[in-house]
Amino acid sequence: MAISLFDMLKIGIGPSSSHTVGPMKAAQMFAESLRDTDLLSEVSRVQSQLFGSLGATGKGHGSGPAVLLGLEGHLPELIDPTIVEPRADEIAQTRQMSLLGTHRIAFDEADDLIYHKTESLPFHANGMSFTAFNAQGEQVSHRVYYSVGGGFVVDEEAAGADRIVEDSTPLRYPFSTGQELLDICKETGLSISDVMLENEKAWRSEEEIRQGIQEIWQVMQECVQNGIRNEGILPGGLKVKRRAASLHNELKNRTRMDMITPSLGALDWVNLYALAVNEENAAGGRMVTAPTNGAAGIIPAVLHYYINWCPNSNEEGVIRFLLAAAAVGILFKQNASISGAEVGCQGEVGSACAMAAAGLAEATGGSPEQVENAAEIGMEHNLGLTCDPIGGLVQVPCIERNAMASMKAINAAAMAIRGDGQHFVSLDKVIKTMRDTGLDMLDKYKETSRGGLAVNVIEC
């Protein structure tokens, strides 16, 4: 089983990787399955049902429009985010849609897009089913999919390994634990980013890898700029005001200082970067799932900090940063979870904090042991973090939480770089602890909006 950097860091749209990106991909997969089995022309209606966390908070996360656009053949990495809501409204009003953009069928929102707020499917909290019917009302196809976090989707047959994306591609340096990764580095003399680069060559040439990473970085930068430029109120009913634009106006004339330990000035800028990304996410804009949309602001914020505030930063450092971050993300994906619906926000913001800390330590010259230590610190101090979004929206506490975790990642990297790489708790142990904590966590704290802030703060 192999996971690529481009699996962990995917270009997509907001507001949620598990609730928007995943359902869009699953719906597109179902529509393609109808075409591939020569059933498309027989279909007159498709019923989509969302379960568990998707059913509980799917409306606030844009799951319904994502499903409809996915059935029409759109993919999150290619779609123009500005067409999603208008097209979904048009489908509801005309009561018609086009499977894969070619086969017109009827659509009735009440019967064909169902949110099961308290009912779940086996294996994972983010379950969904699609059922196609012919003109006589007979079922011609039925499939179940799970959106298992970070935009990863598996069908019912693969659900027993719900966190795993099956890929048997042989890697030059396969690893499944942090210790195995450190052992490879020790035996070969390679850095963590070097190991990841060699493994990525199983799928792409080095030139393609570098170009792909640069594209990811470009989308991250564009997302920050879009977040800085756009003003107003975020959609969804909470009337949350976008803050990035006004904060940028206050900061843009301040003097910066080149240092890795953040000054108060640097802290303000890191907050700006994270807020900008997550406000864009909440508004349904384009960003990089890193490793999820709910935590999408942390890696870009810390990367911007690296480029703008760290001595001797350069584009090669950006590549090394993202390679090392992806290596850590793979460990969380393989051994725990990056799904808030499965383990709470510790699996999203916690994993992203660890990834960003590792990336910054790598880019600033940390040894493999220091990079692993940075990741461990970043995760250790997010253990137990619940996912309790108010109103089922990726806004409160999610937006500010990304800013807080970005600073935590920078501090984790600084602490690790100041040490010798030796530490009491290993990354492997903290990943296992996160997984165990998630299993113990009550379901109401796992992206259902039925606990915590979601019930103790009045929506207004």
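The conversation below takes up the domains, the contact between them and some salt bridges.

Student: Before the labels, what kind of model is this?
Tutor: This is a predicted model. The chain is divided into domain 1 (5–158) and domain 2 (178–445), and 29 Å separate the centres of the two domains, taken over C-alpha atoms.

Student: What makes residues of domain 1 and domain 2 count as part of the contact?
Tutor: The test is heavy atoms within 4.5 Å. The contact takes 30 residues from domain 1 and 36 residues from domain 2.

Student: How is the size of such an interface expressed?
Tutor: Often as the accessible area lost when the parts come together. Here domain 1 and domain 2 bury about 2600 Å² between them, with 64% of it on carbon and sulfur atoms. In domain 1, Leu-5, Phe-6 and Met-8 lose the most area to domain 2, and together they make up 29% of what that side buries.

Student: Which polar or charged pairs are counted between domain 1 and domain 2?
Tutor: There are zero salt bridges between domain 1 and domain 2, but eleven residue pairs are in polar contact, both residues at pLDDT 80 or more.

Student: Which elements supply the side of domain 1 that touches domain 2?
Tutor: Helix 1 (5–8), strand 1 (10–13), helix 2 (17–36) and helix 3 (52–57) each supply at least two residues. Strand 1 gives the most, with four residues. By residue type, that side of domain 1 divides into 15 nonpolar, twelve polar and three charged.

Student: Now to salt bridges: how many does the rule give?
Tutor: The count comes to 20 salt bridges.

Student: Why do Arg-35 and Glu-32 qualify as a salt bridge?
Tutor: The cut-off is 4 Å between a side-chain nitrogen of Lys or Arg and a carboxyl oxygen of Asp or Glu. Arg-35 and Glu-32 have an N to O distance of 3.6 Å, so the pair passes. Arg-35 and Glu-32 are three residues apart in helix 2, which means that about one helical turn separates them.

Student: Why is Arg-87 called buried, and what is Glu-90 called?
Tutor: Buried means under 20% relative accessible area. Arg-87 has 19%, so Arg-87 counts as buried. Glu-90 has 41% and is partly exposed, because partly exposed runs between the buried cut-off and the exposed one, which is over 50%.

Student: What makes Arg-87 and Glu-90 a salt bridge?
Tutor: Their closest N and O atoms are 3.1 Å apart, so the pair is within the 4 Å cut-off. Arg-87 and Glu-90 are three residues apart in helix 5 (residues 84–94), separated by about one helical turn.

Student: How do you know that Arg-210 and Glu-316 form a salt bridge?
Tutor: The closest N and O atoms of Arg-210 and Glu-316 are 2.8 Å apart, so this pair also falls within 4 Å. Arg-210 lies in helix 9 (residues 206–229) and Glu-316 in helix 13 (residues 315–335), so the pair ties together parts that are 106 residues apart in sequence.

Student: Which residues are joined with Arg-210 and Glu-316 into one network?
Tutor: Salt bridges that share partners join Arg-172, Glu-198, Lys-201 and Glu-206 with Arg-210 and Glu-316.

Methods:
Residues are numbered from 1 along each chain as its sequence is written. This is a predicted model: local features need pLDDT of at least 70, side-chain atom pairs count only at pLDDT 80 or more; totals for chains, interfaces and linings use all residues. Side-chain values use heavy atoms; hydrogens and water are left out. Domain bounds come from an automatic or database domain assignment. Buried area is the accessible area (1.4 Å probe) that two parts lose on being put together, summed over both. A polar contact is a pair of N or O atoms within 3.5 Å; within protein, one must be able to donate a hydrogen and the other to accept it, and residues adjacent in sequence count only if both atoms are side-chain atoms. Ala, Val, Leu, Ile, Met, Phe, Trp, Tyr, Cys and Pro count as nonpolar, Asp, Glu, Lys and Arg as charged, and the others, Gly among them, as polar. Buried means under 20% relative accessible area, exposed over 50%, partly exposed in between (1.4 Å probe, protein chains only).
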